[in-house]
Amino acid sequence: MNDLLPGDIETWQHVEKLARDMFGRFGYGEIRTPMVEDTALFVRSVGEETDIVGKEMYTFEDKGGRSLSLRPEGTAPSARAYIEHSILNQEPVTRWFYIGPMFRYERMKTGRYRQFFQIGAEAYGAKEPAQDAEIMDMVAQFLSALGLKDVTLNLNSLGDEACRPAYHAKLVEYLQAHRAEVCAECQARMDRNPLRVLDCKNEKCQAIAAAGPNVLDFLCEPCRAHFGDLQRKLTALGIPFVVNSRLVRGLDYYTRTVFEFVAAHPALGTASTVGGGGRYDTMMKGLGGPDVPAVGFAMGLDRLVLLLKETGQAFGAPVDLFVAVADEGSHDAGLALASRLRREGLHVAFDTRGGSLKSQMKRADKTGARFTLVLGEAERSSGKANLKPMAGGDPIPVALDAVAQALRALPSAS
Ligand code: HAM
């Protein structure tokens, strides 16, 4: 779990702001759900046999004897809120997004943390492939607005309750024939939840899974049509994708479409998936809610920030002006000037400790301020001062009561 401090936080805020702007454009409204939920919510949706629920949840008993868990993801809490607030009675299609911390007791490495942040979105009420395409378009536009390149969209369909059982049966039959070759964990998985064998990290298990039955060969006609239409729509939108029939994702609730955006960047090491999601048309009903189709995704904010840092871009508002004082007697006037300019909307730094002009100028350098104004007795009595460009150049004379206007008139002042 990481502390986020100034210096880094500006990049986080930049990503969050861009997400809010972009998702707003697509008609998504922000939701904030509690950080803890009933453990049963995740067991029933994400699935008992998944790594997330089986091994990674922070689960505890509260003083009322209830089993609660820190949320490991945001889809189940959103669905719970959708059901609890009877949203279907209010509108047929609902688009929500969330930004917040999630918790998984995972093995730490670059890009993988135990508290991490997700930016996620869920669209309820539309079963059509256009909804899947629209949500992938939103992610693609968001990643491109961030300036992230070399991100590949992987796409697959896992079928639905009509066709998946046949695939399951075939997969189990195939895996049973290779029982001795897979890891002990996969031996258990193949009995309880065979799809999970496909995302085992063990190389041998991966090779065996790769040579097994292909889920796409088992799709029923409606699922095949849905998947085909989705691909046509993505192509029409100009969104490149790769069909990857081994993509199953680590959560049990998916039906039909699943997808992942994968970045090929060494900064992420093996944690290269920046976001993933899919359709989950049966989850809401399974949780006791209405029969509402849904599709969504979540991106790892920590990973996006890691990638963005690699681009060397600077975020956050620059300091417009450093107000320095030439003598102790001008300190109060300096404090008042800084206060007024801030009220007028400028980013102003001021050394509240006072001290020598030399030490204040050092401080001004550190803040990266664009200009410094030195206030002394002469300036106070004349009402005039100079703006000294910190990058070099001639001082610019200003009236003390028109500093904000003068700074704004200069190129790239805020
Ligand atoms: P997920 O694939 O488990 O999906 O997580 C989504 C993203 O969260 C991952 O692609 C990754 O970028 C990030 N992430 C996951 N675990 C960690 C971690 N330990 N440290 C850092 N980043 C991490 C879901 O959570 C689904 N709820 C997505 C979804 C929404 N499906 C439908 N709607």
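Reader: What makes Arg189 and Asp51 a salt bridge?

Author: The closest N and O atoms of Arg189 and Asp51 are 3.5 Å apart, and a salt bridge is defined as a side-chain nitrogen of Lys or Arg within 4 Å of a carboxyl oxygen of Asp or Glu, so the pair meets the criterion. The model is predicted, so that local features need pLDDT of at least 70 and side-chain atom pairs count only at pLDDT 80 or more, whereas totals for chains, interfaces and linings use all residues. Residues are numbered from 1 along each chain as its sequence is written, and side-chain values use heavy atoms, with hydrogens and water left out.

Reader: Why are Lys17 and Asp21 said to be separated by about one helical turn?

Author: Lys17 and Asp21 are four residues apart in helix 1 (residues 9-25), which is why the separation is put at about one turn. The two form a salt bridge whose closest N and O atoms are 3.0 Å apart. Lys17, at 52%, is exposed, and Asp21, at 36%, is partly exposed.

Reader: What is the state of Glu30 and of Arg32, buried, partly exposed or exposed?

Author: Glu30 has a relative accessible area of 28% and is partly exposed, whereas Arg32, at 69%, counts as exposed. Glu30 and Arg32 form a salt bridge as well, with the closest N and O atoms 3.0 Å apart, and the structure holds 27 salt bridges.

Reader: Why is Leu247 called buried, and which residues does Leu247 touch?

Author: Its relative accessible area is 7%, so Leu247 is classed as buried, although Leu247 is found in the loop between strand 8 (242-243) and strand 9 (257-263). Contact means heavy atoms within 4.5 Å, and on that criterion Leu247 touches Asn154, Leu155, Asn156, Leu158, Val258, Phe259 and Glu260, not counting residues up to four places away in sequence. Leu247 and Leu158 are 89 residues apart in sequence, yet their C-alpha atoms are 8.7 Å apart in space.

Reader: What is the relative accessibility of Pro92, and what does Pro92 touch?

Author: Pro92 has 62% and so counts as exposed; this residue is found in the loop between helix 4 (75-84) and strand 5 (94-103). Under the contact rule already given, Pro92 touches Tyr124 and Gly125, again leaving out residues up to four places away in sequence.

Definitions and conventions: Helix = DSSP H or I, 4+ residues; strand = E, 2+ residues; numbered from the N terminus. Buried < 20%, exposed > 50% of the residue type's maximum accessible area, 1.4 Å probe, protein only.
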